Amino acid sequence: MLFDHDIMDPTVAELVERWSSLYKEGRFSALNVREYWRVKVPEIYSPQPNCNCLRITFDEELAQKMLFDPLERFMCGGDPSQVYQMVRQLDTPPSLCGRVFKNGDPTYGCRDCGMDPTCVLCADCFKNSAHSKHRYKISTSSGGGYCDCGDREAWKSDVFCDIHIKGQMAEQSKNPLEMIPPDLIERIHLIFDCILPYAKELLTYEEGFSIPKDLEIREQDREPTNLSSLYDSKDTFVTMLYNDETHTYDQVISTLERAIDCSQKDAVAFATSIDREGRCIVRCSSFQQCSQTKNVMEKQTSRGSGRPLRVQVMPTYVIAHQIFASRLLTWLHNILESAQAFRLIFSEIVNRDGGSIVENIIWTDTKMWKTARVQWHRLFISGMLMDQESKKMFARTFTKNYSRMMKDFILDDHDHAVSVASLGVQLFTMPTIAHMLVAEEDVLARLLNTFLSECDKKLKDNKLALEQRSSNTLSFRRIQYILYDLKYLLGVKPEVWTRELRSGFLHGYNLLLRLLSMMQGMDPMVRQVGTHMEYEPEWESAFNLHIKLAAVIPLVIEWAASDRIVLIKAYRMLMKSLAELCTEDMKRRYVRELLDYSVSCIEYDVSSAPVSIHLPLSRLVAGLTLHLDKYGLNYNSPEFLVTGKPSPEELMEPVLRTQVMIAQVHAGMWRRNGFSLINQIYFYHNVRCRQEMLDRDVMLLQIAATLIDSNEFLVHLLNRFNLMSWAQEDYEMKYLRDDVEDGVAGKAHATTATPHRAFRVFRQVHLVLVNSSKLGNDEDNMRQTVVLVEEYLQLVMTIVSERYTPGIGQIGEEERIKKEIIQLLSIEPMPHSVLNKALPEGTNHETGMEKVIDSVADFKKSSGATKGFYELKKSYYSHYNLFFYHYTREEQSKSEVAQRARKKTAGEEECCPPPVPPAFTVPFTMIVNILQCDVFLHILKTVLKRMMDLKSQSVSESQLQKVLHLVGYALHEEERYYHNNDPYFHFTRRAQKINLLGLLEGLVGHHRTTTHKDLLAWTIRKYHSVLSLSASSSKEAQTSEAVMASTSTSVAASASSEKKRRSDIAAQRKARIMMKMASMQQNFIKTNETLFQETSSTEQTNDVVEPTPMDLTEQLPEDMIAIGPRQTLVQPQEVSHTCILCHQEDQVGRGEGSTGRAMVLGALVQRSTVLSRNRARRLDQPDNHDPLLLPADLYWGAHTSSCGHTMHAHCWQEYFDDVVKKERRKPYRFRQNLSFDIDKSEYLCPLCEALCNTALPLLPSVTTTAVNLRSQDPPSATPTISLTDWIKGLQTILKHKSVHSHRDEKEEEEDTNCVEGTWTPPSLPSVVMDLMSITSPETAEAFTNLFSNLAATTIPAIPSYTMNMMSNFAHAVYVHGLGVHPNLSSRRIPLMVWASAAYTILTLEETQRNANRALLTSLSSRQRDCLSALIRFAAYVPQCVKKKQAIESASVRLLSVILEGGETAPCILEWDSFSALVTLSLSLPSIFPKILGMAVGSMQDLYLLQVCFLAHLVQLLLTYEKQNPVSEMEVEDDEEGGEEAPKDSAGESGAATGDAEWLVSMLDHCRRMASLPPIAVQPQRLLAYIKENCLPFLRCCGLFFHFLTEVPAPEELQSSVFVWESEFYCLLRYLGLSINQLRPTFDDPALLELVSRWCSDSRVRTLVTSAGSEACVNSWTRINQLVSLPHDYSELINTVSQFPCPASSGDDSRTPTMCLVCGKMLCSQSYCCQTEFPEGSRVMVGACTYHAHYCGAGTGIFLRVRECKILLLSGRIKGCFVSPPYLDEYGETDQGLKRGNPLHLDATQYSRLHAMWLSHSIPDTIAHTVESNSGVVPTEWQHL
Ligand SMILES: [Zn+2]
Ligand SMILES: [Zn+2]
Ligand SMILES: [Zn+2]
Ligand SMILES: [Zn+2]
Ligand SMILES: [Zn+2]
Ligand SMILES: [Zn+2]
Ligand SMILES: [Zn+2]
């Protein structure tokens, strides 16, 4: 439709003409079209022989012209576009959205308005609907469904979005078909009629079958010649490979690689395409060759797994027709979507003859490949499901063919989503259609029959027996999709019942009963005695089936209960089914007697006969019985008289057996039955299953309790628990007597049996053995009995007290949920998700929690952590029921502990008496009688009396507790009856018979009751209060008195609560003050850190000890100066460290002979791009990279970090070797999921498991010796040198240097590709000679002194082992930092160390700034230790290099870059001035041959700082305009504000103004020298800009010299408040620069000369003027951020829903993943976007790993958008997931979008991620996460 219709091919015109005339004559048929296609289609769509099968393309333009044009023209009888428009205009705008979801599309459900969870909206509709303000749920589609916007049956309200409401308003218009000319309708008919059979025939073609005769290529096609290509295509074939779900991706790939001999990359592409399309052409050639390929593939894949890959050889012309057919379906789909008229015609055609076309397609569904199927399904949706009538017709056909379709589906192996069966959900969830199908198409019976036919195959003794893991199980799992359909059909119960509906429902119901009968008693278990079970019986399949049925059964009950006739019939049918199952053993009875009652009980022993947990039929009785009362019916109603109907005892018997079995398990009697049983019982109780298990069982027992006399009922229970003898008065006596008798008999026997004395000893031993074993048994028996009694009491309590079920207690649904929540929150406060998960879900996956939660609990957002918790409201404390039947034993004890603790702190009685339960509904009132019946009282008496008797063994505290609770319930009940004036229940009167009160009071103070003394006291008190209720005759008076009393107590209570409130407030206030004081103290400690650390280090041996100032009183920290002639002299202290491996202490820096041994820190060196200011740049060629200086944009760097744990070098070496050995021994595949990569020499710190890849040696302080020396001679004695002369000296060095290129030096075995060559400096004397000639002898002497004085050249002797460690570390920085191969002699090693030191300092500065901290505030000891060690090491580097010449060369080169510049050197805007300072100050002392010097913060360092600082200022000035486009207007405006700033801070506005003017002139000068046009600037603004922007540089210098010289830093730098201006001046002072002013620092003509040289470099101008170019840094203070994310998560997911995989044209990416560093979207974890990396390695890595290598130098942080997970990657094989920064309203994350609550960005969480990234801790985080989840299934991170 999207083409120009006016250009028509003449042959096409002729063709259309011919068809039209045939049509007019009434002779036109599909055959005419097909004959044309027979010839034309192969011509256009045949794949060419030996083509590249991955890139088969066709001439689509030609196809449009030759194939589609004629169709459309004929169909429209003229210009198609005009006709389309006309038809479309007839269309009312669509009122139904119907947008079909693709895999991964976001879908939105509304929890307030959706009829069920399958009702969803597309993103567009959602955004435009009222639901976006409701409680919506977001999830991602797995494909196949469509948007329900506009479907009245899908939404309770707000059916239409703003887009589709328009359609709704115009809808009432009439049938559009009436407005279309009949001629056109007929033509459309003809064409559709032609297309559909064609597509069907071709798409279901299978190998070996012939295609329709009329499409075959015939002999006569050989002639004429122009058709010869057609004939040829008969002889070309393709090998077609099909998708299946049995072979893995890798199997397919390796098969392809061998079978068609392609590259791995191509094989991956084929496999991806097969997975996506369902099939793919892999070869196009002659028949023989194609068959050969097929054979190879089949042979290869049939080897292990059995079924081979499906491969077919097909002629190309068939393929051509298939491709065309598929194109036609797409064309048709588009037409159908465009207008309703087309849809109506389509529906008419496919539904003709009872839907024979639909039927045909359903039948052949599994014969087609993936895309072909999906195309048909899409066509059904667009053509039929949008229109109510068509949908109904389709639903009927679908239902008629359901059975056959499901059978095909079972045999097929494709996912349900690509089966036509998946359309069921679209049809069955619509109530009108569902009800129609039930009534008219017998759909329930059809579904169930299909299901049952599969079950019949699995029957054993008429019970379902599901075996484990066989292929049968797979098909059984597939058939269970029927149960979902069943659930959809029953989703909404009918309002009106018709005769047909009733019979349809009951027919289905009857079959359901058959299914439930098969399950009743399945998986029976018999108690194992003697030995353990040999194998664990299968149990999971049955529970899986249960879970699916459990969703259906409540719906069935709801349907049945909504109509009296249906209910009666259903109940009768159920009784019949039960009668049929009633077996002989149920009928066997014996008589049991207790007190005066003799009861005929069913004979059964749970401890030896089979018991099952699956009793769905019994449970259905419970469910239906609850609804009988509504219609005035009950179990005994005459309507239910059925022969063989079970008696109430028989009814409850199966359920009772299960209860007793569980009790016996608790008593330890089933210990030998293994885990299968434990698991079953676990799930029986678990919230996922209990509604149709435990809950129904309790219900059924309660029902039985209303049907059986209370005394008899209790006897039935006692008997089943095997406690009849226990209940006898003389049980204990008898038990003891039996014991004695047994013993006596044994003895008698023994004495008579052995007359010989010789055997005496043996006999005695034997006797002892016999007795002890018997005793053991008895104790066991007694223990079991004790527990069984406890269980019995518990069950009785559950039956009488659990009433929070609508229909049993007088409560509604909301109270039920409240009760659950109260009980859960009594265990502990819970976050929303945990609470929600612990609540049972309704059929719509709703727990109803939101409705009631606020009335029972308060949501507490906890500080710190983001997750909030719900806490139970105080007023509900008393609702807590300790013996709540949904509690597990752990929950019970946990809640008891919590509640007791709460009461203790509140000063209340430490007991949890039973809460008042709601009243029973009328049918269940009978149950309370249990609480006053004789047997009950007898049991109470028995327990209490035995409690009193110290000899008695059969009682326990728990029994007492339960008895007291039961008494409590009885008293509650009596109170209720009293208030209702109902004399029926009178517990206290009846209890007089057993003197209950006397028994209770007798127990007070008894030592067996200490645990429950408070509960006992409560019970007695309650007893008295209930007694007083009824006893008093003067009721009125008493009640009023009671009221009085209660009010007075309540007044007293409120008074005391007021008092408490006040004292609480006072306590809170006190706490706050204490906190404040503590924090002040903390600050004090922090600001005086050094002081405190000194004291602590002397008191306890601390392995993290700071160098401390020698004498604090002499100089206050404020006056500290780190470098220059005024440098503060401090004596660094010797520090001792404890080795974490051998725990011995040592001092660093002593010679090897003495105690000191070499020590190291575990360290991690990583390549980094974190600080990059230019993400377009990357380090492409590390082998050639010159690390002399860091680039100004910091696009690359090497970061060093350490956990700060010290080890002896020897100990470390041993440990490391051990780790390597262990790992090497592991098979390769187990090395995959490690937290460290041994191939990169990674290991974990043995103490804290931090990731390390090298060891950083600890070295003695740089200044130790220097200080000693310098403090000896007064500073005045040494001659001084001016800055100008010093620069002259350096220039002299450069003048005499010599440069050799490498090639002529053969001995150079290292980096041969080094372009810079070797730079050799002159000797010091020659320089001095020269210098003397241009300056003075004093100057020359001073210059000599700079390099050769003792302070600078006295270096402590370093032991050789330490030296070794030093070269190792330096080399590691080189290898890991650059990512290159080892090369011990590389001259780049020292440069890398210095660059890394500079980069690490830059990072730390930025991290501190990001946290808005002063320079040294809250530095962790690991940061301090690491930086201190690293900087010292950097200072010592010249000692450990192989050739000192490397240092000299570097130093000279660097001097040349700064002082000379030149073509090859980078210009001023290209290097980082701080890194220049670090490298220069550390290398310059060693520049002269034979002189090895150290940087100690001397005069020279100060001069260097001045030069580098100046360079930085020039950088700032040159880039000023770029970020500060100043217009004159702004200048005027800012005048006043600008002036204020310096006054505030410095107080010396004069000096500052001087600075400002000086800067302006400097700016002019720089710009003039760079030939840049002058700009107008506002001086104060410029000054403010400079001060702000050079602070980071000064901070870095501060850090560097602080750790180098160990001069203590002034307090400002450690204060908790960061004031940048004060820090600026403070740093100037600390660095020995002129205080409060910039200008004096640079007031030297030599410096001005330098500025001119720097600026006049021609590249400067280019860099500055190239607007917007990334090449020039324009933001010096910017802290790199992670990409900014939208606040609303759904926005993010909507944007990626359209993200196509960049590798496969136009297809959606399955796992779109966003790089949080640069924002790039990637197609992760998918074969389509894997890349071979490194190139040529044949190792494929996923898109994220590949991207991380470049974007983050191997480290990456990503957001997996559809799952809302953060992915961290490092070093190619390591990775982990961490929680995302998106939280729901309860402060919880939702990884994997499982809950679907609306999510919003949380700034705190995101800044935490940012800080982790900025501080380079991603590798460490991964190591820790992996280590703590070592059990998790390994993930191949490199494939993500
Ligand atoms: Zn929609
Ligand atoms: Zn809509
Ligand atoms: Zn809504
Ligand atoms: Zn050690
Ligand atoms: Zn550590
Ligand atoms: Zn991809
Ligand atoms: Zn990136």
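User: Hi! Before we start, what do buried, exposed and partly exposed mean here?
Analyst: Buried means under 20% relative accessible area, exposed means over 50%, and partly exposed is in between, with a 1.4 Å probe and protein chains only. This is a predicted model, where local features need pLDDT of at least 70, side-chain atom pairs count only at pLDDT 80 or more, and totals for chains, interfaces and linings use all residues. Residues are numbered from 1 along each chain as its sequence is written, chains are lettered from A and ligands numbered from 1 in the order in which they are written, and side-chain values use heavy atoms, leaving out hydrogens and water.

User: Thanks! So is D105 buried or exposed?
Analyst: D105 counts as buried because its relative accessibility is 1%. Its side chain meets that of R99 in a salt bridge, 3.8 Å from N to O. A salt bridge here is a side-chain nitrogen of Lys or Arg within 4 Å of a carboxyl oxygen of Asp or Glu.

User: And R99?
Analyst: R99 has 28% relative accessibility, so R99 counts as partly exposed.

User: How many salt bridges does the structure hold?
Analyst: There are 69 salt bridges in the structure. One of them joins the side chains of E850 and R111 at 3.0 Å, N to O. E850 sits in helix 36 (residues 849-856) and R111 in the loop between strand 1 (103-110) and helix 5 (123-127), so this pair ties together parts 739 residues apart in sequence. Helices (H or I, at least four residues) and strands (E, at least two) are DSSP runs numbered from the N terminus.

User: Which residues are linked with those two in a network?
Analyst: R111 and E850 belong to a salt-bridge network with D112, R135 and E846. E850 and R111 are both buried.

User: Switching topic: what holds the zinc ion (ligand 5)?
Analyst: Its protein donors are C1203 (SG), H1205 (ND1), C1245 (SG) and C1248 (SG), at 1.9 to 2.3 Å. Donors are N, O and S atoms within 2.8 Å of the metal (3.2 Å for Na, K and Ca); water is not among the atoms, so sites may look incomplete.

User: Why is the arrangement called tetrahedral?
Analyst: Because the four donor atoms around the zinc ion (ligand 5) subtend angles of 108 to 112°. Four donors count as tetrahedral if all angles lie between 85 and 135 degrees.

User: Nice. What spacing do the donors follow along the chain?
Analyst: The donors of this zinc ion are spaced as C-x1-H-x39-C-x2-C. Of these, C1203 and C1245 are both buried.

Technical notes:
Tetrahedral: all angles 85-135°; square planar, octahedral: opposite > 155°, others 65-115°.
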